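Here is a friendly walk through a structure, one feature at a time. Have the sequence and the model open as you read.

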Amino acid sequence: MTKFKLSIEGMSCGHCVKRVTNALKDVAGVESANVDLASKSAVVEGVADEAALKAAVEDAGYDVVGITAE
């Protein structure tokens, strides 16, 4: 299992957090997704593909400005 940290731009409220969280949880291989509005980031655990995570966030209407595997 891998942990990814995504830096996300465009979130401004709790609804945005919920939307991004749901988008990430829908990606195949994701076991957990925790989105933090204050740090404009998400921590995702699982065996998902980085490109799929980025696409899910962007399809939800937000910009991924960085992804790191931890």
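## The hairpin of β2 and β3

Let us start at a turn. In this predicted model, the hairpin of β2 and β3 has 4 residues between its strands, and Lys40 takes a positive phi near 50° there. Lys40 is not a glycine, yet its phi is positive, at about 50°. You will find Lys40 in the loop between β2 and β3. Is Lys40 buried, partly exposed or exposed? Its relative accessibility is 36%, so Lys40 counts as partly exposed.

In what order do the strands lie? The order is β2-β3-β1-β4, with 4 strands forming an open sheet and antiparallel pairing. The edges are taken by β2 (30–36) and β4 (63–69); each has a single partner strand, so one side of each is left without a neighbour in the sheet. On average, neighbouring strands of this sheet are turned by 20° against each other, direction ignored.

With β3, β1 pairs in the antiparallel sense over 6 bridges, and Phe4 has Val44 in β3 as its bridge partner. With β4, strand β1 (residues 2–9) runs antiparallel and is joined by 6 bridges. Here Ser7 stands opposite Gly66 in β4.

## Helix α1 on the sheet

Which strands does helix α1 touch? Helix α1 (residues 14–25) packs on the sheet and touches β1, β2 and β3 (41–46). The direction of α1 makes about 160° with that of β2.

Leaving out residues up to four places away in sequence, Thr21 touches Ala33 and Val35.

## Where the helices meet

Two packed helices are described by the angle between their axes and the distance between the axes. For α1 and helix α2 (residues 50–59), the axes come within 9 Å and cross at roughly 145°. The crossing in which α1 passes α2 is right-handed.

Which residues make this contact? From α1 come Arg19, Val20, Ala23 and Leu24, and from α2 come Leu53, Ala56, Val57 and Asp59. Sorted by type, the residues of the contact of α1 with α2 are 6 nonpolar, no polar and 2 charged.

## The cysteines

How many disulfides does a search of the whole structure find? The search finds 0 disulfides. Cys13 is in none, and the nearest cysteine sulfur, that of Cys16, lies 3.6 Å away.

Cys13 has 31% relative accessibility and so counts as partly exposed. Cys16, at 7% relative accessibility, counts as buried.

Technical notes:
Residues are numbered from 1 along each chain as its sequence is written. This is a predicted model: local features need pLDDT of at least 70, side-chain atom pairs count only at pLDDT 80 or more; totals for chains, interfaces and linings use all residues. Side-chain values use heavy atoms; hydrogens and water are left out. A disulfide is a pair of cysteine sulfur atoms within 2.5 Å. Buried means under 20% relative accessible area, exposed over 50%, partly exposed in between (1.4 Å probe, protein chains only). Two strands pair if DSSP finds at least two bridges between them. Helices (H or I, at least four residues) and strands (E, at least two) are DSSP runs, numbered from the N terminus. Axes are lines fitted to C-alpha atoms, for helices over the stretch in contact, and angles run from 0 to 180 degrees between N-to-C directions. Contact means heavy atoms within 4.5 Å. A crossing is left-handed if the near helix is turned anticlockwise from the far one by less than a right angle, and right-handed if clockwise. Ala, Val, Leu, Ile, Met, Phe, Trp, Tyr, Cys and Pro count as nonpolar, Asp, Glu, Lys and Arg as charged, and the others, Gly among them, as polar.
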